[in-house]
Amino acid sequence: MKPAVLLIHGFTGHRASLEPVIPELERRGIEWNYPILAGHGTKPEYLKDKRWSDWQRDIEQAYQQLRQNHDQVIVIAISMGALLGLELAVKHPGHVSGLVLISPCVIFKNPLSKLTAIITPFIRRFPFPPQDKFSSKEFWSRDRGYQWFPTSAYHSYWQRAKTILEIVPQIKCPVRIIQSRNDHIADPRGAQNIYDRLNGKKELLWHDQSGHEMLLDCEAAETLGEVIAFAPL
């Protein structure tokens, strides 16, 4: 039986981030699940009280739904979703049979991220305009994510990002990382750090032009091809 696929979007993200993958999965007869993480897909203010544990729960529930009919699940994740995917692979070894991580956001480009613990009590919301996520104005209209976010929710994400690399050596399934050097959200060093700590079969594929939303930007076709060509699919 073919593996199922779990899709995971990022912080402030929207289904649009990974939707280009869905027609390709359906063409191949692959079952998929794509949950909207708590606080997403509505209004930014709904993120205010959401924390990492909420998003973990959402992903675990979606994973378990796929496991009802499939022994193997492949995770395709972007940005913060990549971190949730790494956790899932550690929690369910042998059943998470592959990871495709797009623009994994482990290190943040914004220098203010290092001050998150200090500024969160005083700055309740932070701007996140589409121009930060794409390579040029030509692609901004494709953005469906939030254009600001509550710093309290971001702080929870930031805290997990600081320690996520500790679990990476435990992952044994094949991993393909796809990262742009032109990413203005995720520092490309984060992708390299994940790759360097992996002990199993691994690939790190670089792009030079795309922004953070790689499946919606100027190299979308190439990125989609790299996602779908992942061997376990």
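Visitor: How many disulfides does the structure hold?
Guide: A disulfide is a covalent bond between the sulfur atoms of two cysteines. In this predicted model, a pair of cysteine sulfur atoms would have to lie within 2.5 Å to count as one. The number of disulfides that the structure holds is zero.

Visitor: Which cysteine sulfur is nearest to that of Cys218, and how far away is it?
Guide: Cys218 takes part in no disulfide, and with a relative accessible area of 30% this residue is partly exposed. A disulfide would need the two sulfur atoms within 2.5 Å. The nearest cysteine sulfur belongs to Cys105, and its distance is 19 Å.

Visitor: Is Cys173 buried or exposed?
Guide: The cut-off that matters here is that a residue under 20% relative accessible area is called buried. Cys173 has a relative accessibility of 10%, and therefore it counts as buried.

Visitor: How are helices H2 and H3 oriented to each other?
Guide: Helix H2 covers residues 52-67, and its axis is 10 Å apart from that of H3, which spans residues 80-91. The two helices pack at an angle of about 60°, and H2 passes H3 in a right-handed crossing. Angles under 35 degrees count as roughly parallel and those from 65 to 115 as roughly perpendicular, so the helices H2 and H3 are described as oblique.

Visitor: How do the residues of the contact of H2 with H3 divide into nonpolar, polar and charged?
Guide: On the side of H2, the residues that meet the other helix are Trp52, Trp55, Gln56, Ile59, Glu60 and Tyr63. On the side of H3, their partners are Met80, Leu83, Leu84, Glu87, Leu88 and Lys91. Taken together, the residues of this contact divide into eight nonpolar, one polar and three charged.

Visitor: Which residues is Val90 in contact with, leaving aside its neighbours within four places in sequence?
Guide: Val90 lies in helix H3, and with a relative accessible area of 24% this residue is partly exposed. Once the neighbours within four places are left aside, the residues in contact with Val90 are Ile167, Gln170 and Ile171.

Visitor: Which residues does Lys172 touch, not counting residues up to four places away in sequence?
Guide: Lys172 is found in the loop between H5 and strand S7, which runs over 175-180, and at 60% relative accessibility this lysine counts as exposed. From Ser156, which is 16 residues apart from it in sequence, Lys172 is 27 Å apart in space, C-alpha to C-alpha. The residues that Lys172 touches are Asn199 and Gly200.

Visitor: Which elements do the buried residues of H5 pack against?
Guide: Helix H5, made of residues 151-161, is mostly covered, since ten of its eleven residues are buried. Among them are Tyr154, His155, Tyr157, Trp158 and Arg160. The elements against which the buried residues of H5 pack are H2, H3, H4, strand S5 and strand S6.

Visitor: What is the phi of Ser79?
Guide: Ser79 sits in the loop between strand S3 and H3, where a relative accessible area of 8% makes this serine buried. Ser79 is not a glycine, and yet its phi is positive, at about 60°.

Visitor: What is the relative accessibility of Ser103?
Guide: Ser103 is placed in the loop between S4 and H4, and this residue has a positive phi of about 50° although it is not a glycine. Residues under 20% count as buried, and Ser103 falls into that class with a relative accessibility of 0%.

Visitor: Is Pro111 buried or exposed?
Guide: Pro111 is found in the loop between strand S4 and helix H4, and its C-alpha atom is separated by 17 Å from that of Arg160. A residue over 50% relative accessible area is called exposed. With a relative accessible area of 62%, Pro111 is therefore exposed.

Visitor: Which residues is Gln147 in contact with, leaving aside its neighbours within four places in sequence?
Guide: Gln147 has its place in the loop between S5 and S6, and at 49% relative accessibility this residue counts as partly exposed. The C-alpha atoms of Gln147 and Asp132 are separated by 9.9 Å. The residues in contact with Gln147 are Pro127, Phe128, Pro129 and Pro130.

Notes. Residues are numbered from 1 along each chain as its sequence is written. This is a predicted model: local features need pLDDT of at least 70, side-chain atom pairs count only at pLDDT 80 or more; totals for chains, interfaces and linings use all residues. Side-chain values use heavy atoms; hydrogens and water are left out. Helices (H or I, at least four residues) and strands (E, at least two) are DSSP runs, numbered from the N terminus. Buried means under 20% relative accessible area, exposed over 50%, partly exposed in between (1.4 Å probe, protein chains only). Contact means heavy atoms within 4.5 Å. Axes are lines fitted to C-alpha atoms, for helices over the stretch in contact, and angles run from 0 to 180 degrees between N-to-C directions. Angles under 35 degrees count as roughly parallel, over 145 as roughly antiparallel, 65 to 115 as roughly perpendicular and the rest as oblique. A crossing is left-handed if the near helix is turned anticlockwise from the far one by less than a right angle, and right-handed if clockwise. Ala, Val, Leu, Ile, Met, Phe, Trp, Tyr, Cys and Pro count as nonpolar, Asp, Glu, Lys and Arg as charged, and the others, Gly among them, as polar.
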